[in-house]
Each structure stands twice: as structure tokens, then as C-alpha cells.
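Open the structure in your viewer and keep the selection panel at hand. The stops below are meant to be taken in order.

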Amino acid sequence: MATSRVVEVYLDLLSQPCRAVKILLDRTKIPHRVRTVALRKGENRSPEFSKLNPMMKVPVLVDNKFVLTESDAIMKYLVTKYDVPDHWYPRHPERRARVDEYTSWHQTNTRPHAAKVFILEVLLPAQGGTAVDQGRLDSALAQLDHTLDKLESMFLRRQPFLCGDDITVADLLAVCELMQPLGGNRDVLQRRPLLQSWRTRVQSAVGEAFDEAHAVLYAVRDRQRARL
């Protein structure tokens with residue numbers, strides 16, 4: 001269903017799920033307005049934002065008076081409601097189920113495991129002024145490596161994208177998570193040609209929206225490089 005109404009999204013583009021939402025909005029040209037919520041400044045804990053989302057997390061979507069949280073739900077809502085190409089979240093029951101299969105798995109695998117590497121290597125040292133806990137980081141990297149094995153064997157296999165022959169919201173959620181350790185100058189796909197090729201296909205499919213959404217993360221990476 002097409003509409004001329006502009007949706008509002010509350011985002012911090014250092015957040016992986018926020019980037020996925022932003023890439024989808026930009027690539028599909030759904031009219032939208034971004035309200036920036038700087039997590040590092042605690043803006044998510046402000047009275048105004050906590051009224052909007054008592055969980056005090058981003059992203060948040062406001063479509064007229066309808067408020068929705070959680071990136072997975074937001075992206076599926078957008079592509080279901082708005083007139084965008086079907087491949088993002090297919091109407092065909094089996095193809096849609098494949099997307100749901102990945103996004104369910106994502107929440108307890110790709111998302112926490114990639115995020116933990118970034119937290120241990122970048123966030124905690126920056127917040128506490130401490131050195132990286134190498135033991136915990138090595139453990140997190142091993143856990144992420146197991147997840148990457150599953151991404152290759154369970155989802156990519158011989159298909160170009162995670163859920164089939166074309167890009168879906170699943171690919172956006174996954175790629176934004178796997179880009180996050182780049183903030184610590186770590187490319188976790190460096191030794192994984194299958195996943196590297198997939199990432200390149202995702203970037204090609206979404207065009208300039210990819211780098212625009214990741215500009216904040218690239219800046220974090222560049223500051224990290226300058227310290228080395």
C-alpha cells in the first residue's frame with residue numbers, strides 16, 4: 001500500500017539494527033525523516049524518548065500514530081505496507097518462511113556474537129580507559145567463528161544471498177552486524193571468501209546507501225587505526 005505520508009525513524013547509526021533500517025528506507029525510497037538519538041550521550045534515556053519507547057532502545061518507527069520497536073518488526077512492517085519490490089520480504093509462504101527462519105536465528109547468533117567482539121575491543125576499553133581483555137576477546141572471536149561457519153553451511157550454501165537468489169531484509173540485518181567489528185579495525189570476513197563475496201553482492205544491491213549508513217562506523221575505525 002503506497003502512501004505519501006512520511007514515516008519517522010529514531011536512529012543512532014552506530015547501532016547495527018539502525019543501519020539496516022536506514023539502508024532499507026534509502027534503497028526502497030520510502031519517504032522518511034530521521035530523528036537522531038545519540039546513545040553515547042544518553043539521549044535514549046530522556047523523558048521524551050522513554051515515553052516513546054519505554055525500553056529506551058533504537059530503532060523506533062512512528063507511522064502516523066503507530067509506534068513500532070525492534071528492527072526485524074520495523075523492516076517487515078515497512079516492506080509489507082509500502083509498495084516496494086517483493087524480494088525484500090516475499091509474499092510466497094515458503095520464501096517468506098526462509099527469511100523468518102534466518103531472522104529468528106539471527107537474534108541469538110549473528111547479532112550477539114558479532115556485537116560482543118565490538119563491545120570487548122572498542123566500547124569497554126573506550127568507556128573504562130582500560131586495555132582489551134584478550135582472553136575474553138579470543139573467546140568471543142571463537143564463538144563468532146562458529147556462527148560464521150553456520151552462516152556459510154546453513155544459509156549461503158550455493159545461493160547468492162542468505163535466503164535465496166535475491167536480497168532480503170535478512171541480508172541487511174546480517175551484514176550490518178558483521179560490519180560492526182570493523183569499528184575495531186577488524187574485518188571478521190577477511191579469511192572467508194564465501195562471505196566476502198556475499199557482502200560484496202549485498203553492497204552492490206543496495207548501492208551508495210551502504211556506505212552512507214556506515215559512515216559513522218568508518219569514522220570509528222579510522223580513529224582506531226590512528227591509535228595503532
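The tour covers salt bridges, a charged patch and a few backbone features in this predicted model.

**Strands β1 and β2.** Select Glu 8 and Arg 33, whose side chains meet in a salt bridge with an N to O distance of 3.4 Å. This pair links distant parts of the chain, with Glu 8 in strand β1 (residues 7-11) and Arg 33 in strand β2 (residues 32-36), 25 residues apart. Glu 8 counts as buried because its relative accessibility is 17%, under the 20% cut-off. Arg 33 is partly exposed, at 39%.

Thr 28 is buried, with 14% relative accessibility. Leave aside the neighbours within four places in sequence, and Thr 28 is in contact with Val 84 and Trp 88.

**A cis peptide bond.** Select Val 58 and Pro 59. The peptide bond joining Val 58 and Pro 59 is cis, with omega about 5 degrees. Pro 59 lies in the loop between α2 (47-52) and β3 (60-63).

**Two positive phi values.** Most residues other than glycine have a negative phi. Glu 70 has a positive phi, near 80 degrees; look for Glu 70 in the loop between β4 (66-69) and α3 (71-81). Arg 157 also has a positive phi, near 45 degrees, and is found in the loop between α6 (134-156) and α7 (169-179). Glu 70 is partly exposed at 46% relative accessibility, and Arg 157 is partly exposed at 49%.

**Helix α3.** Select Asp 72 and Lys 76, which form a salt bridge at 3.1 Å, N to O. Asp 72 and Lys 76 are four residues apart in helix α3, so about one helical turn separates them. Asp 72 is buried at 18% relative accessibility, and Lys 76 is buried at 12%.

**A network.** Select Asp 145, Asp 149, Glu 152 and Arg 192 together: salt bridges link these residues in a network. How many salt bridges does the structure hold? The count is 17.

**Helix α10.** Finish at Asp 222 and Arg 225, which form a salt bridge with the closest N and O atoms 4.0 Å apart. Asp 222 and Arg 225 are three residues apart in helix α10, about one turn of the helix. Arg 223 is also in helix α10 (residues 215-227) and is partly exposed, at 46% relative accessibility.

Terms used:
Residues are numbered from 1 along each chain as its sequence is written. This is a predicted model: local features need pLDDT of at least 70, side-chain atom pairs count only at pLDDT 80 or more; totals for chains, interfaces and linings use all residues. Side-chain values use heavy atoms; hydrogens and water are left out. Buried means under 20% relative accessible area, exposed over 50%, partly exposed in between (1.4 Å probe, protein chains only). Contact means heavy atoms within 4.5 Å.
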